[in-house]
Amino acid sequence: MSVLVVVECDNGEVKKSSLEVASYGSQVAQMLGTTATAVAVGEATEANLAKLGEQGISKVLYDAEPRLKDFVNGAYTKLIAGAAEKESSLVIVLANSNIGASVGSRLSVRLQASLATNVVELPKNNGGQFTVKRGAFSGKAFADVVLMGERKILAVKKNSIEALHNAGQVAQVERFSASLTDADFVDAPKQVVMQDQAGGVLLPEADLVVSGGRGMKGPENWHLIEDLAKALGAATACSKPVSDVDWRPHHEHVGQTGITVSPNLYIACGISGAIQHLAGVNSSKVIVVINKDPEAPFFKAADYGIVGDVFEVLPKLTQAIKELN
Amino acid sequence: MKFLVCISNVPDTTTKITFTPDNKEFNKAGVQFVINPWDEYALTRAIELKEAQGAGTVTVLNVGEADTEPNIRKALAIGADDAIRVNAAPKDAYFVAQQIAAVAKEGAYDVILMGKESIDYNGFQVHGMVGEMLGIPTVAPAMKLDMSGSTATLEREIEGGKEIVEVSAPFVASCQQPMCEPRIPNMRGIMTARTKPLKVVEAVGEGARTEVAEFALPPKKQGVKLIPAESAGELIRLLRNEAKVI
């Protein structure tokens with residue numbers, strides 16, 4: 001009956017978003033009066049998995065099959081379904097990532113579960129009605145969704161809840177085999193290409209984001225964005241017009257039809273703040289807008305603003321951070 | 001190759017979102033509906049692949065009531081050959097997935113394409129559900145799709161990179177940029193779309209598994225605190241000491 005938590009690992013480490021998912025799962029378990037078991041996917045080490053005790057996880061199931069290192073939808077689905085059967089789990093929690101949503105949607109059919117993605121809060125369980133709040137309309141609204149049926153799957157949006165850190169708590173790591181066969185690996189990747197991360201931070205996992213728009217005037221000026229990002233330890237992003245004209249790659253495009261981010265800090269440089277862009281960033285905790293046009297609509301959605309020329313303001317900010325550190 | 005492209009009917013991206021007084025439904029009054037922008041990548045790519053193969057058909061499928069037909073006609077004008085509308089309001093992802101799976105099975109489609117997610121519900125669920133219901137692979141979200149015979153090579157986006165995946169038809173893919181440059185209808189397309197077949201079928205399967213109890217708008221911001229450009233460094237101090245985010 002334990003709550004099953006799917007943790008994504010990369011290069012031996014549990015991803016930060018999965019620490020949040022584990023903390024979410026253990027709090028749901030507490031609410032339901034049961035324990036939380038994790039199942040690990042990706043490249044993990046047993047030592048790091050044991051540390052999931054700090055997020056309230058009692059037990060971690062781990063299949064050491066080497067082909068599970070990369071994301072394979074078929075195999076991951078079978079592995080997690082197997083773990084859910086073993087633990088008789090009625091609630092499964094995953095990250096609302098490309099992996100989590102891909103696997104979660106298949107699992108919901110296989111396990112006859114109801115599914116909510118983009119979940120932003122802990123569930124409410126009142127009078128047998130299980131309700132969660134999720135983001136809808138591309139960040140322009142929220143919906144309280146009732147999940148029907150006995151089994152539920154929740155995909156939790158990054159940075160929606162704080163990760164727990166109960167120092168010293170250790171989870172028991174248990175080898176688990178889902179008896180995977182070649183047929184489960186038909187969508188195994190032929191090749192995996194990771195973005196150049198030299199000194200950079202990945203946008204989907206980032207706590208701090210520095211983003212540039214058309215006001216940056218051209219890709220040759222992007223070092224101003226990159227310098228500030230580097231000083232802060234932030235990821236870089238851009239608006240749709242910028243990726244449309246290939247100043248920056250598509251995976252940096254934040255907005256309604258790009259990726260949605262919810263970092264602690266989003267600094268928008270030379271972005272006017274079209275409604276489609278705001279949709280991708282408005283769940284950020286703090287928004288800073290730098291724009292020379294005081295009428296830019298983005299200022300209405302901002303916490304802090306500087307009306308000024310990005311080419312003068314950005315170097316000053318970078319300098320100020322360097323002095324602070 | 002038979003392509004099935006699933007489109008949803010969504011509020012235009014510039015829409016200001018409001019709800020009915022009981023907060024149970026989206027307020028459609030005065031709202032312009034469009035083909036879901038993610039679905040446009042699926043539609044255009046299917047047409048391009050059909051043209052490259054010099055054979056095959058592109059069928060567009062929508063689960064919706066009669067008011068979605070203008071956008072179905074638009075998809076036909078862009079270049080789909082025929083259309084099917086499942087006559088029902090799309091209650092939730094599971095409900096919609098059942099309709100798509102039933103149509104896909106009945107028509108023995110080789111490639112089932114759709115956008116990554118709809119910009120209204122943002123479920124990012126239907127692709128995987130359909131794949132599982134049909135027992136075929138799903139590649140989601142796909143940034144690139146090429147076909148050689150019945151073998152497809154796709155780029156699947158993962159956090160921080162991409163995987164190159166090869167699957168054989170039949171399969172499902174959910175599409176996103178930079179897969180192609182979405183086409184817009186031309187005059188000839190608009191004329192021919194009027195007479196292309198649009199079949200209406202009734203919904204099948206079980207009902208929904210989820211239900212919206214209430215919609216809400218995000219809390220309003222307190223108002224922006226402006227810092228003079230000359231003392232830009234002050235912003236960093238505020239971010240550390242007041243907002244405590246760095």
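**Entry 1: a sheet across two chains**

I began where the chains pair: β11(A) and strand β9 (residues 161-168) of chain B run antiparallel, joined by five bridges. For pairing I used the rule that DSSP must find at least two bridges between two strands. Helices (H or I, at least four residues) and strands (E, at least two) are DSSP runs, numbered from the N terminus. In this pair, A:Met194 sits opposite B:Gly161 of β9(B).

Before going on, I noted the ground rules: the model is predicted, local features need pLDDT of at least 70, side-chain atom pairs count only at pLDDT 80 or more, and totals for chains, interfaces and linings use all residues. Residues are numbered from 1 along each chain as its sequence is written, chains are lettered from A and ligands numbered from 1 in the order in which they are written, and side-chain values use heavy atoms, with hydrogens and water left out.

Next I asked in what order the strands of this open sheet come. I read off 10 strands with mixed pairing: β11(A)-β9(B)-β8(B)-β7(B)-β10(B)-β6(B)-β1(B)-β4(B)-β5(B)-β11(B). Its edge strands are β11 (189-194) of chain A and β11 (198-201) of chain B, each of which pairs on one side only. From one strand to the next, the twist averages 30°. Angles run from 0 to 180 degrees between N-to-C directions, with axes as lines fitted to C-alpha atoms, for helices over the stretch in contact.

**Entry 2**

I followed β9(B) to strand β8 (residues 151-158) of chain B and found eight bridges in the antiparallel sense. B:Arg156 stands opposite B:Glu163 there. The hairpin of these two strands has two residues between them, and B:Gly160 has a positive phi near 85°.

At the other end, strand β5 (residues 82-86) of chain B runs parallel to β11(B), with four bridges. I found B:Ile84 bridged to B:Lys199. Helix α2 (residues 69-78) of chain B packs on the sheet, touching β4 (57-63), β5 and β11 of chain B, and its direction makes about 155° with that of β5(B).

I then traced an open sheet of six strands with parallel pairing, in the order β13(A)-β12(A)-β14(A)-β15(A)-β16(A)-β13(B). Its edge strands are β13 (235-238) of chain A and β13 (225-226) of chain B. Inside it, four bridges join strand β15 (residues 286-291) of chain A to strand β16 (residues 304-307) of chain A. Helix α5 (residues 223-232) of chain A touches β12 (208-212), β13 and β14 (265-269) of chain A, at about 175° to β12(A). Helix α8 (residues 310-324) of chain A lies across β14, β15 and β16 of chain A, at about 135° to β15(A).

**Entry 2: the interface**

How many residues of each chain are in contact? I noted 81 of chain A and 73 of chain B, with contact meaning heavy atoms within 4.5 Å. The two chains bury about 6800 Å² between them, 59% of it on carbon and sulfur atoms; buried area is the accessible area (1.4 Å probe) that two parts lose on being put together, summed over both. In chain A, the residues that lose the most area to chain B are A:Asn98, A:Phe137 and A:Tyr304, together 12% of what that side buries.

I also found four salt bridges across this interface, the rule being a side-chain nitrogen of Lys or Arg within 4 Å of a carboxyl oxygen of Asp or Glu. A:Arg106 forms a salt bridge with B:Glu132, with the closest N and O atoms 2.8 Å apart. Helix α4 (residues 98-110) of chain A gives the largest share of the side of chain A that touches chain B, nine residues.

A:Phe137 has a positive phi near 50° and lies in the loop between β7 (129-136) and β8 of chain A. The bond from B:Ala140 to B:Pro141 is cis, with omega near -15°, and B:Pro141 is in strand β7 (residues 138-148) of chain B. The bond from B:Ala169 to B:Pro170 is also cis, with omega near 0°.
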